[in-house]
Amino acid sequence: GGLRGGRWAVFGAHYAVDGTRKDAWMRVCGHADGLEVALESKEAALFTVVPLDGGLTADGTRVDVAPIGLCDMFNSGGAVKRRAVSRDGNGTLSATAGVVGEGRLLWYVSQPPSSVRVG
């Protein structure tokens, strides 16, 4: 367990005292990387940390993916119940995620996808 080894997608959301989101960002970090966060009095920050998964495409390009979650929820990552990455016989990578709830699903993807399907 824990955050040992590998690379991680980190989604951070910064909230004002009244609960409105001031900003949000995403970074990719290795296990030894640190993040600096500065907050004013009565502000809050929430982080969703997801391990990167992926593989090589047919042409040898590395693609990393991570389903972050439903980005308009406070606990965005809690909506992701399952995730998988697979490759078909042609070398095409597919990433899927099963979520509970509705809203905008945020993914980290290191290369632009050739297609996106919802359903």
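## A tour of the pocket, the core and the cavity

The largest pocket has a volume of about 1,200 Å³. This is a predicted model, in which local features need pLDDT of at least 70 and side-chain atom pairs count only at pLDDT 80 or more, while totals for chains, interfaces and linings use all residues. Residues are numbered from 1 along each chain as its sequence is written, and side-chain values use heavy atoms, with hydrogens and water left out.

**First stop: the largest pocket.** Select Ser94, Ala95, Ser115, Val116 and Arg117, which lie nearest the centre of the pocket among its 30 lining residues. On a 1 Å grid over the protein atoms alone, a pocket is an open set of points with protein on both sides within 12 Å along at least five of seven lines, a cavity is a set where a 1.4 Å probe fits but cannot get out, and lining residues have an atom within 4 Å of a point. Grid points are joined across faces, edges and corners, and a volume is the space filled by probe spheres set on the points. Next, colour strand S7 (93-99), which gives the largest share of the pocket lining, six residues. Strands are DSSP runs (E, at least two residues), numbered from the N terminus.

**Second stop: the nonpolar core.** Select Ala9, Phe11, Ala13, Tyr15, Val50, Leu52, Ala66, Ile68, Cys71 and Tyr108, the 10 residues of the largest nonpolar core. Such a core is a set of buried Ala, Val, Leu, Ile, Met, Phe, Trp, Tyr and Cys residues joined through side-chain atoms within 4.5 Å; buried means under 20% relative accessible area (1.4 Å probe, protein chains only). S1 and strand S5 (62-70) each supply at least two residues of this core, and S1 gives the most, with four.

The largest cavity has a volume of about 40 Å³. Select its lining: Phe11, Ala13, Tyr15, Leu46, Phe47, Thr48, Met73, Phe74 and Ser76.

**Last stop: Glu43.** Select Glu43 in the loop between strand S2 (21-30) and S3. Is Glu43 buried or exposed? Glu43 counts as buried because its relative accessible area is 17%.

Methods
Buried < 20%, exposed > 50% of the residue type's maximum accessible area, 1.4 Å probe, protein only.
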